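Work through the exercises below with the sequence and the coordinates side by side, and compare each step with its solution.

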Amino acid sequence: MSFVGGHWWLIIIVLVIVLIVWGPGKLPDVGAGMGRAIREFRKASSETRETFMNATSEQQPPLTPPSPPPAPAAAPPPPPPAYPEQRPVSEAPPQTPVSN
């Protein structure tokens, strides 16, 4: 099925039908519209191909090795009591017995 060898008569028939339907005055406009449509299709397909290739390509590893994580900080000191006059039970002053 060679395009050049045996199908010229089909192309000529299609062109004659197009010429009859649209007429010689409208034919340049039809050709320009077809050209714009083909350009837009190629542009959209190339953009889609680039987007797909960028999304599926492997990420390049960084050139420098990652830095080690920072050392854990020492635990902060406990906060001072909210009311200094309050003492925990273990630090309460000893009770003196009351004599009768």
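Buried residues, meaning those under 20% relative accessible area with a 1.4 Å probe and protein chains only, make up 1% of the 100 residues in the protein. The model is predicted, so that local features need pLDDT of at least 70, side-chain atom pairs count only at pLDDT 80 or more, and totals for chains, interfaces and linings use all residues. Residues are numbered from 1 along each chain as its sequence is written, and side-chain values use heavy atoms, with hydrogens and water left out.

**Exercise 1.** Classify isoleucine 17 as buried, partly exposed or exposed.

*Solution.* Begin with its place, which is in helix α2, residues 8-56; helices are DSSP runs of H or I with at least four residues, numbered from the N terminus. Partly exposed covers the range between buried and exposed, the latter being over 50%. Isoleucine 17 has 48% relative accessibility and therefore counts as partly exposed.

**Exercise 2.** Compare the span of α2 with that of a straight helix.

*Solution.* The expected span is 1.5 Å times one less than the number of residues.

Conventions: Helix = DSSP H or I, 4+ residues; strand = E, 2+ residues; numbered from the N terminus.
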